[in-house]
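Colleague: I have a new model on my screen. Could you walk me through reading it?

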Amino acid sequence: MSKCILVTGSCGLIGSEVAVFFARRGFRIVGVDSNHRAVFFGPEGDTGWMRDRLQRDLLGYRHEATDIRDRERVLTLMREVRPDIIIHTAAQPSHDKAAAIPFLDFEVNALGTLHLLEAARRFCPESPFVHMSTNKVYGDRPNTIPLKELETRWEYNDPAFVNGIPENFPIDQSKHSIFGASKVAGDVMVQEYGRYFNMPTCCLRGGCLTGPNHSGVELHGFLSYLIKCNVQGEEYRVYGYKGKQVRDNLHAEDVARFIFEFVRAPRVAEVYNLGGGKDNSCSILEAFRLAAETTGREMKWRYIDENRIGDHICYYSDLRKMKTHFPAWEVARPLRTIFQENAAMWESRLLVNRMTPRTAAQNEIRTRPHTTSLSKAEPICSVLVPSCDAYSDLWRPFFTMFWRHWPDCPFPVYLGCNEKTFSHTGVEIIHANHGTNWTNRVRQQLTAVPTPYVLLMLEDFFLRKPVSTQDVIRHLSTLVEVEGHMLRLVRRPAPVGSPSQHANTAVIEVGEPYRVSTQAAIWNKATLLALMRDHESIWDFETEGTRRSGNYTEGFYGTLTDVLPYGHHVVEKGKWFRKEAAWCGKADIGCDFAQRAIMSHREDLSWKCWKARSVVLNCIPWKPRLALRAVIARVDRFGLVLRSSKKA
Ligand SMILES: NC(=O)c1ccc[n+]([C@@H]2O[C@H](COP(=O)([O-])OP(=O)(O)OC[C@H]3O[C@@H](n4cnc5c(N)ncnc54)[C@H](O)[C@@H]3O)[C@@H](O)[C@H]2O)c1
């Protein structure tokens, strides 16, 4: 039985990242979240969309809408689940909000934490208990460190803090804000349960934690909110300190990676300052510059000459204790990457807002009953692997490589098949009973996909290198912006039409081969369905569909580089390529070689000859090449030179 983790606040920024991270490593997740974020911040803070996503994407995810203030419910749940690990991220997280709701703030942050600690002590005292605390427990005391004013930021002017704020920095006798004080209560109680009861507890005093899953609002989630303002052209308000106040920023996945290291080698009553450190720090003015460089849009902002109560002037974490205790951990996402990921996500959300009414109406999206309609944060695109049961032995290696190289794929992922069942975290099955009849089967699968755009990926092309989510989203944005029909994400073949005004894409002209592509291409689902005819094989669909696509004079594009980095396909005419089989066997990615034959040396050689022939043919520009093919087809009555080679 796999290990069970109880994650409180599982629909928030940190909780959801932790849930996904551990689920991908085979843990069972019990998520506790009462959606109080919507109570604190109104509809903009609603995390119901994330609950739906976790339930859809994480195999065996169990959601409990328990309010951690409910002592009896927490005790009952802990007694029933007896988790192997507890990760407590549920909180009222806003500094500014707390003063308006002091009772609720304290009940959630302090009392709720005590409920969980006591429940853990009674029912699973050996289980590591990781608590998300905050750097606000230091109150405004970091502001007493001498500072120097640089052109764009404040900086410590005391050599003792050249590496940042360490864990032994005093926490009392300073102004914390109501939020900081309730977090101090929780933090000290977590340490006490460690020291007093010898439980493996740990407080992580976070700096600015962020990532593309953050639903940043003005009162919480500075970087996410700042980038949102930049992307949406809205004004950002700077409160005091000349905009030179410094924050260190850490990606939520780096938080999850640290927790992973800690629970593997837990310690008692530990405290760590978990931030991005000096290297990942920036002032607000510097963040404006980085945001503008990332998105190409100037930041609109207004200065208010009054700082937030208790706000730090300069804060970055000293990471030396963490790195000494857990040398395998490091900050994996540099600041620039954090900006890029956040910007890409806000751009895609903005896109959804712009297009939802038009596309929904025009494309007549059919939504499956259990799927929520497109909301602000819902993706507009899904990945569909249109397979059939005869290829089921390739599913496990395909998805192993998929998640290894694209762990932050932001889209729901569907596997289309006939009747077989298959379970893999992050993959939903769509059954379609049309045997090997490619178009009828895929049509049924497409109809079940709830998004207006679909990225098709074939199961015998395994990802071999990391995919940049940001790149994929940018290309998706391009396709949506130009209201295009298809954008192929690999340059096989390279499009020869005029370069589009969008970077890295070119037009695929009417008549160009493979204008209709079935793999590694983002499709407007409505067009893809419109181009399909009954009873076509995948090969027929690509050739005949390409011909039919002539009805659309424009709207087909290809990229000039491989945005989805595939290697060679692994199977041809139902058999493994020798070289690919050897590589996959060594890579230990779940291939079952008893299910499918490997090509003989002769078959392998014969395929290489065909390949060499097409390499030569492809050197000829496509128009004369098609003319030549037509001539050959006329004389090559036995199909010796031209033949189709794909599975149905
Ligand atoms: N995000 C940051 O920049 C940051 C920085 C430092 C520390 N932290 C700490 O990390 C933790 C997580 O922060 P986050 O940014 O993910 O916050 P978040 O608001 O995104 O997530 C918190 C989740 O807890 C849930 N929740 C709130 N009250 C609850 C209750 N009574 N019962 C059950 N669920 C409840 C909310 O609905 C929300 O989904 C918090 O303790 C926060 O103080 C965050």
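Modeller: Start with confidence. pLDDT is the predictor's confidence in each residue, from 0 to 100. This is a predicted model, and the chain averages a pLDDT of 88. Of the residues, 93% score at least 70.

Colleague: Over which residues does pLDDT stay under 50?

Modeller: Residues 355–377 are one such stretch. The model has 27 contacts beyond four places in sequence for them. Residues 644–648 also stay under 50, with 12 such contacts. Where pLDDT is low, the predicted coordinates should not be read in detail.

Colleague: Next, the domains. What does the domain assignment give?

Modeller: Domain 1 covers 4–348, and domain 2 covers 379–598. Their centres, taken over C-alpha atoms, are separated by 37 Å. Domain 1 puts 11 residues into the contact and domain 2 puts in 12.

Colleague: Which elements give two or more residues to the side of domain 1 that touches domain 2?

Modeller: Look at α1 (13–24), α3 (48–57) and α11 (335–363). The largest share, five residues, comes from α11. Then sort that side of domain 1 by class: four residues are nonpolar, two polar and five charged.

Colleague: Now the ligand. How many residues surround the ligand?

Modeller: The count is 27, and the closest are G9, G12, H36, A91 and G206. Elements giving two or more residues to this shell are α1, α2 (36–41), α5 (102–123), β5 (129–134) and β9. The largest share here is three residues, from α1. By class, the shell has 12 nonpolar, 11 polar and four charged residues.

Colleague: Let me pick a residue in β9. Is C208 buried or exposed?

Modeller: To judge that, count C-beta atoms. A residue is buried if 20 or more others lie within 10 Å of its own. C208 has 22, so C208 is buried. This residue lies in strand β9, residues 208–210.

Colleague: With which residues is C208 in contact, leaving aside neighbours within four places in sequence?

Modeller: F222, L223, R247, D248 and N249. Check L250 too. L250 and C208 are 42 residues apart in sequence, yet their C-alpha atoms are 6.3 Å apart in space.

Colleague: Last, backbone angles. What is phi of Q173?

Modeller: Phi of Q173 is positive, about 55 degrees, although Q173 is not a glycine. Q173 sits in the loop between β7 (154–156) and α6 (177–197). Q173 counts as exposed because 7 C-beta neighbours lie inside 10 Å.

Colleague: And where does H535 lie?

Modeller: H535 is in the loop between α15 (525–531) and α16 (538–548). Phi of H535 is positive too, near 60 degrees, and H535 is a residue other than glycine. Because H535 has 11 C-beta neighbours inside 10 Å, H535 counts as exposed.

How values were computed. Residues are numbered from 1 along each chain as its sequence is written. This is a predicted model: local features need pLDDT of at least 70, side-chain atom pairs count only at pLDDT 80 or more; totals for chains, interfaces and linings use all residues. Domain bounds come from an automatic or database domain assignment. Two residues are in contact if their C-beta atoms, placed from the backbone, lie within 7 Å. Helices (H or I, at least four residues) and strands (E, at least two) are DSSP runs, numbered from the N terminus. Ala, Val, Leu, Ile, Met, Phe, Trp, Tyr, Cys and Pro count as nonpolar, Asp, Glu, Lys and Arg as charged, and the others, Gly among them, as polar. A residue is buried if 20 or more other C-beta atoms lie within 10 Å of its own, exposed if 12 or fewer, and partly exposed in between; C-beta atoms are placed from the backbone. A residue is near a molecule or strand if its C-beta atom, placed from the backbone, lies within 6 Å of it.
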